[in-house]
Structures are given as structure tokens and as C-alpha cells.
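Hi there,

Here is the structure I promised to pass on to you. Have a look at it first, and then read my notes below.

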Amino acid sequence: MNGRGLLLLCLFLSAALTPPRQLAVAGAASSSKVVTSLPGFQGQLPFHLETGYVEVDEENGTELFYYFVESEAGAHNAPFLLWLTGGDRCSVLSGLALEIGPFQFVAEPYNGTVPRLQINPYSWTKVANVLFVDTPVGAGFSFSRRPEGYHVGEVSTSLQLHELLIKWFTDHPEFLANPLYIGGDSLAGQLVPFIAQKISEGIEAGRSPILNLKGYLVGNPGTGENIDISSRVPYAHGLGIISDQLYETILGHCQGEDYMNPRNTLCAQSLGTFNNLRSEVMVAQILLDNCVYASPRPGIETDKSAGAARKILSEEAVIVTGKRVKHPPPRVPLGCISYTAYLSYFWANDELTRDALGIKDGTVDEWVRCHDGDLPYAVDIGSSIKYHRNVTVNGYRALVYR
Ligand SMILES: *[C@@H]1O[C@H](CO)[C@@H](O)[C@H](O)[C@H]1NC(C)=O
Ligand SMILES: *[C@@H]1O[C@H](CO)[C@@H](O)[C@H](O)[C@H]1NC(C)=O
Ligand SMILES: *[C@@H]1O[C@H](CO)[C@@H](O)[C@H](O)[C@H]1NC(C)=O
């Protein structure tokens with residue numbers, strides 16, 4: 001796991017049904033589908049869900065996949081939120097079904113049938129229209145027809161999201177007047193103020209349609225500054241996870257050091273000790289069990305928790321169902337908060353789910369909840385602090401929370 005991945009630690013049939021409704025709108029190659037029921041959910045969905053794709057790079061054939069949920073408080077008066085999940089390239093289904101969206105997985109043992117869904121009583125869609133987007137391209141169900149399309153970075157991804165909003169609102173003008181907010185956490189939180197900056201520049205330049213941007217919100221955002229990593233030390237000390245002695249040793253030897261690549265040997269040693277201690281706790285919430293990170297792919301096993309993952313794997317065989325189930329995540333214990341993340345993999349790779357969501361054939365073969373550095377991503381925004389400053393100085397609202 002790379003340093004930025006550590007920072008984030010985001011917690012964590014083939015029946016051709018009706019084809020997605022194709023909307024042909026000039027200048028906006030988009031397709032969308034109203035979804036009224038989902039595998040694992042009993043009956044009709046009690047909220048309005050639309051899924052679809054927006055093409056954001058014609059040259060490379062890049063299409064970003066979205067889930068749009070209308071506010072239950074009356075779609076036309078409610079705020080409109082673009083929501084992005086962190087990384088590395090974690091699918092926005094994490095934000096939707098594991099955090100803030102209207103449905104969630106029932107935490108029960110996976111037995112080979114599609115995981116069941118239930119209503120999330122605390123969904124943000126009670127009060128807001130939320131557009132959840134799989135981004136950067138390669139995350140979730142977003143894809144590019146040409147391999148070059150996956151060579152994106154923070155800047156190009158932000159510009160693609162601006163493009164996506166322009167096209168989405170062109171197709172859905174009834175939402176243009178709603179107050180617009182941009183939101184995201186961890187790695188996405190690094191992009192959010194920059195996206196807000198680009199939108200505000202578009203508004204000033206009169207780019208049509210005019211977006212009604214009001215502000216943004218970021219949870220555990222990366223800033224692109226050294227402090228994203230170095231602040232772990234005083235934070236862990238404050239929580240009583242490390243001793244006064246280790247704390248002082250690190251502070252003494254790591255002055256002015258890059259905490260990801262320290263040059264001073266004593267600093268590197270003490271940070272090594274620190275990272276070993278840190279790996280013993282659930283970083284996102286130290287009172288929870290330290291469960292394995294429920295994301296597939298072998299690269300993740302460089303983390304210390306991989307030992308636990310292998311132990312679990314050797315004790316319980318993973319149930320493999322379906323042709324897309326190629327890299328199932330480690331099976332976590334049922335009591336772990338990441339168990340539902342484990343279930344998400346089987347739900348999203350089920351053919352019935354793909355049909356219900358309108359996933360295009362031949363695009364994403366295997367859905368993974370997060371990637372781990374297997375696709376390129378240029379870190380090219382640098383510090384996002386200047387964008388936070390500029391956008392808020394220009395009168396937009398901001399909420400930064402942990
Ligand atoms: C799996 O569990 C679900 C939910 O508890 C149950 O409805 C289903 O019959 C079970 N399937 C099998 C194959 O055991
Ligand atoms: C297509 O991908 C290439 C390689 O990443 C990139 O340089 C180019 O800008 C992309 N095209 C567009 C229209 O974004
Ligand atoms: C600050 O925002 C304004 C208005 O959007 C823009 O014109 C200007 O270039 C921005 N400055 C920086 C340093 O980003």
C-alpha cells in the first residue's frame with residue numbers, strides 16, 4: 001500500500017433485460033436508465049435511482065459511470081451534491097452503499113447467493129439529490145475504450161468531472177437551479193476544492209449551462225502537504241497509541257523530513273517502529289477491531305494486516321461464484337466493519353446486478369472496490385490549500401470534517 005493509500009484507509013444469468021434508454025443529446029454522449037429494483041432488495045426501491053454513463057474524453061472513449069439518487073425531501077428544492085469516493089480508485093459504491101447512500105448491505109454470512117440490501121435510515125438522500133460518480137476512470141464501472149484513457153491524474157480527472165457536470169446538467173436541466181455542492185473524502189477530498197475552483201472559473205467565463213455552485217464539503221481530505229502523513233504522529237500520541245518516548249524520538253529525529261521517504265536513519269527507524277504500532281489498530285476508528293482492508297488484489301498484502309488476511313483465508317475457503325469472481329477479497333470476520341465491503345464485491349459482480357444497473361457489456365469485466373496502484377494516476381495538483389483559500393475567499397461555503 002502506498003503512502004497515500006495509507007492516508008485514506010477508506011474503510012474500508014446472463015439474461016438481456018431491457019436495454020438502457022439511450023438519450024441522444026447534442027454534444028453529450030450519455031446514456032441513462034431508471035432503476036426501480038435491485039438484486040438483493042425486496043420489492044420496488046422506495047427512492048428514485050437513475051444510473052448511466054457520461055462520456056468525458058471522446059478521443060479515448062472514456063465514460064464515467066454514475067448513480068443518481070433523488071432527494072426524498074422533494075427533488076426540486078433540495079441541494080444537489082456531487083459525491084466522490086477516495087482511492088486508490090475506490091468505487092463510489094463504497095460511498096453509496098457503505099456510507100451515505102440510501103441502501104446498504106445486510107451484514108450476514110455470504111453463502112453464494114446475491115447479498116441482501118436494506119434501507120439506510122441515515123442516508124443523505126433524505127435531504128439532498130446525490131450524484132455518485134465512479135472516478136477516476138478505471139474506478140468501479142467507469143471505463144475507457146482505449147488504454148491511453150486510463151493515463152489520468154488529479155488535474156485531468158478534475159477537468160473530466162467538470163465536463164461530466166456540464167453534460168449531466170445539459171441532460172437534466174430541471175436540476176440546474178438547485179444549490180450545487182461538490183463533496184468527497186480522503187483522496188477525492190484533495191480534488192474537491194480544485195474542482196470547485198474550475199467550476200467557479202467556468203461560471204465567470206459564462207460557460208453554459210451555468211452551474212449554481214454554492215460550496216463544497218470534504219471528509220478526511222488529503223491536502224497534498226507533508227502534514228497529511230506527519231500529523232499521524234502527534235495524533236497517535238494524543239490518543240495514547242504511542243509512548244511519550246517514541247513521540248519525542250520521532251520529533252527529535254524527523255525535523256524537516258519527508259515522512260514517506262526520510263533520509264535520516266534514526267528518523268526512518270523510529271517511523272518504522274511507529275508504523276508497526278499503528279498497523280495494530282484500526283486506523284479509521286481505534287475502538288473497532290483491526291480488521292483486514294476488504295479490497296482485492298495482491299498488492300495490498302504489503303500491509304501488515306495481510307498476515308491476518310492470509311490466516312483467515314487459510315481457515316475459511318472463499319466461495320467463488322460467477323465468471324467475474326476472479327480476485328475475491330479476503331474474507332473478513334463477520335463482526336468486522338469491513339464485512340459489508342467484502343459483500344459489495346459479490347453484489348457488484350453478479351450478472352443480475354449488472355443488468356439492473358445497465359452496465360455496458362464488454363467494459364468492466366471484474367468490479368473491484370478499490371485498486372492498489374495498478375493504474376496510473378499523476379499527482380499533479382500539489383497542495384490543495386491554495387484552492388481552499390481561493391474558493392472560500394470568493395464566497396463559496398466549505399465544510400471540512402473528519
Ligand atoms: C443464503 O442466505 C440467504 C439469506 O439468509 C437465504 O435466503 C438463501 O436461501 C441462502 N442460500 C443458500 C444457497 O444457502
Ligand atoms: C487521451 O489519452 C491521452 C493519453 O493519456 C491524453 O494525452 C489525451 O489528452 C487524451 N485525450 C483527451 C481528449 O483527453
Ligand atoms: C482564484 O479564483 C479566481 C476566480 O475563480 C480565479 O480567477 C483565479 O485564477 C484564482 N486564483 C488562483 C491562485 O487559483
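Let's start with ligand 1: its shell divides into no nonpolar, three polar and one charged residue. (Ala, Val, Leu, Ile, Met, Phe, Trp, Tyr, Cys and Pro count as nonpolar, Asp, Glu, Lys and Arg as charged, and the others, Gly among them, as polar.) The residues surrounding ligand 1 are E108, N111, G112 and T113, where a residue is near a molecule if its C-beta atom, placed from the backbone, lies within 6 Å of it.

Before you go on, please note that this is a predicted model, in which local features need pLDDT of at least 70, side-chain atom pairs count only at pLDDT 80 or more, and totals for chains, interfaces and linings use all residues. Residues are numbered from 1 along each chain as its sequence is written, while chains are lettered from A and ligands numbered from 1 in the order in which they are written.

Around ligand 3 you will find Q197, S200, E201, E204, K386, N390 and N394. Helix α4 gives the largest share of this shell, four residues (helices are DSSP runs of H or I, at least four residues, numbered from the N terminus). By class, the shell around ligand 3 holds no nonpolar, four polar and three charged residues.

Helix α4 (residues 186-204) also packs with α3 (residues 154-171), at an angle of about 50° and with their axes 9 Å apart. Axes are lines fitted to C-alpha atoms, for helices over the stretch in contact, and angles run from 0 to 180 degrees between N-to-C directions.

Enjoy exploring!

How values were computed
Helices (H or I, at least four residues) and strands (E, at least two) are DSSP runs, numbered from the N terminus.
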